[in-house]
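Welcome, and please open your viewer with the protein chain loaded. This tour moves from one selection to the next and tells you what to look for at each stop.

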Amino acid sequence: MRGETVSDLSVLLGAFSILTFWAFGVGIALGVAAVFAAAGAAITAVTDERSDRPVTMWDAAVGAGAGVMGILAGWYFLSTI
């Protein structure tokens, strides 16, 4: 997979992790997947010199941030039950 696809996947997983924070661990799992996908996209963007889409790093950062927010929201929800 190319970096653009993985960075878009990280944004999608991060958004779904925020939306499903209440689903008893699903949001946390999706958040972790979003962070790992964002890390993979960032590594690919740095090592791929012929990348025609320079916003891949920004997409990866947004995906990682959304994933972290989903993890924190899911953790908070589970800790208050």
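Start by selecting Phe 24, which sits in the loop between H1 and H2. Helices here are DSSP runs of H or I with at least four residues, strands are runs of E with at least two, and both are numbered from the N terminus. You are looking at a predicted model, in which local features need pLDDT of at least 70 and side-chain atom pairs count only at pLDDT 80 or more, while totals for chains, interfaces and linings use all residues. Residues are numbered from 1 along each chain as its sequence is written, and side-chain values use heavy atoms, with hydrogens and water left out.

Stay on Phe 24 for a moment. Is it buried or exposed? Phe 24 is exposed, at a relative accessible area of 60%. (Buried means under 20% relative accessible area, exposed over 50%, and partly exposed in between, with a 1.4 Å probe and protein chains only.) Its phi is near 50°, a positive value in a residue other than glycine. Most residues other than glycine have a negative phi.

Ring pairs join Phe 21, Phe 24 and Phe 77 into a cluster, and the structure holds two aromatic pairs. In the pair of Phe 21 and Phe 77, the ring centres are 6.0 Å apart and the planes meet at 85°, so this pair is edge-to-face. (Rings of Phe, Tyr and Trp, the last by its six-membered ring, pair if their centres lie within 6.5 Å; planes under 30 degrees apart are stacked, over 60 edge-to-face, and the rest tilted.) The pair links distant parts of the chain: Phe 21 is in the loop between helix H1 (3-19) and helix H2 (26-47), and Phe 77 is in helix H3 (residues 56-79), 56 residues away. Phe 21 is partly exposed at 32%, and Phe 77 is partly exposed at 24%.

Now zoom out to the whole chain. How many helices and strands does it have? There are three helices and zero strands, running α-α-α from the N terminus. Of its 81 residues, 30% count as buried.

Colour H3 next. This helix has 24 residues and spans 34 Å from its first C-alpha to its last, close to the 34 Å expected at 1.5 Å a residue; the expected span is 1.5 Å times one less than the number of residues. Its buried residues include Gly 63, Gly 67, Gly 70 and Gly 74.

Move on to Ser 10 in helix H1, which is buried with a relative accessible area of 0%. Its side chain reaches the backbone oxygen of Ser 7 at 2.6 Å. Leaving aside neighbours within four places in sequence, Ser 10 is in contact (heavy atoms within 4.5 Å) with residues including Ala 37, Ala 38 and Ala 60.

End at Asp 8, also placed in helix H1 and partly exposed at 38%.

Key
Polar contact = N/O pair within 3.5 Å; in protein donor to acceptor, adjacent residues only side chain to side chain.
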